[in-house]
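Hi,

Here is the structure I promised to pass on. Please open it before you read my notes.

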Amino acid sequence: MSHTTAGAAPAARPTRVQLLVTCLVDSLFPDVGFSVVNVLERLGIAVEVPVGQTCCGQPAFNAGSFDDARAMARHLVDVFDRGDVPVVIPSGSCGDMVIHQAPALLADDPAYAERARQLAARTYEFTAFLVDVLGVSDVGAVGHQRIAYHPACHGLRGLGLERQPGVLLDAVAGIERCPLDEEATCCGFGGLFSVKMSDISGSLLSRKIACIERSGADTVVATDVSCLMHIAGGLHRKGSPVRVKHLAEVLAVREPR
Amino acid sequence: MTSSPLNFYTRVDRALRDPALGAAMERATKKLVSGREAGMAAFPEADAVRDHARRIRAHTIGKLGHYLRQFETAVHARGGHVHWAETAEQAVAIVAEIASQHGVRTAVKSKSMVSEEIDLNAALARAGVDVLETDLGEFIVQVDKDHPSHIVAPIIHKNRHDIAKSFRGLGATDDDVIDVPQMTAFARRLLRAGFLKADMGISGGNFGVAETGSLCICTNEGNGRLTTTLPRVHVALMGIERLVPTLSDLDVMLQLLGRSATGQKLTVYTNIISGPRRGAQGATGATGATGAQGAQGAQGAQGAAESDGPEHLHIVLVDNGRSGLLGGELAEILYCIRCGACLNACPVYQQVGGHAYGSVYPGPVGAVLTPGLRGLAGWEELPQASSLCGACREICPVRIDIPRMLLSLRAESTRLRLTPAWATFGLWLLGRLAVRPRAFRGAQRLAARATRLLARDGWIRKLPGHLSAWTRQRDFPAFASETFMQRWERRGR
């Protein structure tokens, strides 16, 4: 079990990446995907988007439907089959799936085990790619919000993203960081948990929202749209004026509005 | 092992609707977690010690049969007796038989989770033995006919007003319940009388040391020391997995146990007990030394008679399902040293408290251990009651990968058809679609259309069918009018 971002940084600075946009960004939050593309292209990285990509299989994996998850992981390996190009994912939880869980699921599959390991080794969560691979902290972004950062669980504890999102946020001109109480506590999303155990999930969400409101922030930022969808749904139900943004959306803005 | 006839969802509902419980849980778990953080921050070698401790636990569980035999031999050599209980029924029968052999009428007990697991007090009551709980929290649980809701802090779910009320039922005056010190003094007077008349002391065992046959018992109130030294018979109950090979291995565990549980460098009373009273009538073995001298005592000479300690020491090693986990996917849960840190750190436990789990072992460790020991049927909700946030794995002193085992149990639930059919079907369907990109895109378009029909201003207030559970708690956003992939294609790539 590894708690670090998998894969050593490539020797040369990459010039191309493949984007695994994630099914939630694809279906619900396409602007987040374009923000990722925008930031990467500004940094001189060409972005490819393999067309066959669907869902990484995490929902099935987290529910213990391992056969379904395995089928989806094989598909993922087939779609992202260009052996030399880094894969970037704007999600800690999908990143954890590709980097840690998919290789474990396929470890006994002779046709896929090695390819899954290779894919994992060249896959990076978006902020880890910027900070650890490209060595960037300031992407020239400008903002105006009071931002509370919520470190999503799988990014924080699965991939060890303790530092990278904060490094990038700190370099955004014009924003104010609002410390969040209990920031590392789960928002209660947890995939199907939010439906199967809706009341428990909702009580976690209420506690998270109370912390957000106490922080004085007008915007909650995270690196996972799944948590943000959950938090936004709770904020909207409450009629709260607080908005949610994926970190890529903050980084994509270059002119103050 | 269940402490409640209610079903899981009813227990959860009851907990979530109890603001006093919520306040007590938030206050107590925050205090425990911050205490642990401070304790670990002042312990720079923590990471290395945790790695070392994990290796010790893994090694011991891997060779458990060997160490159990070594432990038994060493206990015998020091004049103690070892009893093997395969089931809870056997365990309580063994203790009742020991009580009967020694003509025991009253017993005092220091904290033991295994005794809760096997429901010992009820069985001893049937055998005509009065048992007095002497851990303050467990005493209050006993007075209230309640159940512990935390493996280290049994009354974490109560506040001092609840306790004052319980004590008034025992005859406490206004002066006795003014504040915590007065209440503690009141309990102490009652308990002291119990200690002095008890024929038998019952304890748990935090660790058993295989090389010396020693028991290690950690408490913060001193009741463990009185329980194990004052009465003429001492019975210790331990799960078979509680062993460490050597005293130096014990040292590694003790560096972590107190720090992980409360932030203490060491629990206030850390007893190492090696055999019954030396030179006592009917006992042939070695020392009953305590505290810092215990380690030396355990290795020391057998000879001079001692003036205190029990005449008889009986150690009951309880299996009750544990050996069934050895070599399997859940074996790692046997590494647990029962510090309770995973409970304190778990956002779900913090919200619902221990009783919602319905088991003696609540929280993340219980969500694996309970179905592991008892089987999934009847406990199938526990592994689902987690967002898999990983806080338990992060805080565990021996780095037990609880989320991995929750996933194993979820997979087992799916195989046994203990998960809701709609969820299993939905994931199967997602799996079929996800490997067929064209079908996936079609399904996306359908879902987009459906959500946009249901939404007003981009948000859905009520989803249909099983998904309505989502909108019971929060709104759901409509799908985008165009997916990322559609827009990307238009961009002309």
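Below are my notes on chain B and on one pair of its helices.

The model is predicted: local features need pLDDT of at least 70, side-chain atom pairs count only at pLDDT 80 or more, and totals for chains, interfaces and linings use all residues. Residues are numbered from 1 along each chain as its sequence is written, while chains are lettered from A and ligands numbered from 1 in the order in which they are written.

**Chain B overall**

Chain B has 22 helices and 12 strands. These are DSSP runs, numbered from the N terminus: helices are H or I with at least four residues, strands are E with at least two. The C-alpha atoms fill a box of roughly 90 × 55 × 45 Å along the principal axes. Of the 493 residues, 54% count as buried (20 or more other C-beta atoms within 10 Å of the residue's own, C-beta atoms being placed from the backbone).

**Helices 16 and 18**

Helix 16 of chain B spans residues 363–374, and helix 18 spans residues 402–415. They pack at about 40 degrees, with axes 10 Å apart. Axes are lines fitted to C-alpha atoms over the stretch in contact, and angles run from 0 to 180 degrees between N-to-C directions.

Which residues meet? From helix 16 come B:Pro364, B:Val365, B:Ala367, B:Val368 and B:Pro371; from helix 18, B:Ile402, B:Met405, B:Leu406 and B:Leu409. Contact here means C-beta atoms, placed from the backbone, within 7 Å. By class, this contact has nine nonpolar, no polar and no charged residues (nonpolar: Ala, Val, Leu, Ile, Met, Phe, Trp, Tyr, Cys and Pro; charged: Asp, Glu, Lys and Arg; polar: the others, Gly among them).

Best wishes

Notes
Buried ≥ 20, exposed ≤ 12 C-beta atoms within 10 Å, placed from the backbone. Contact = placed C-beta atoms within 7 Å.
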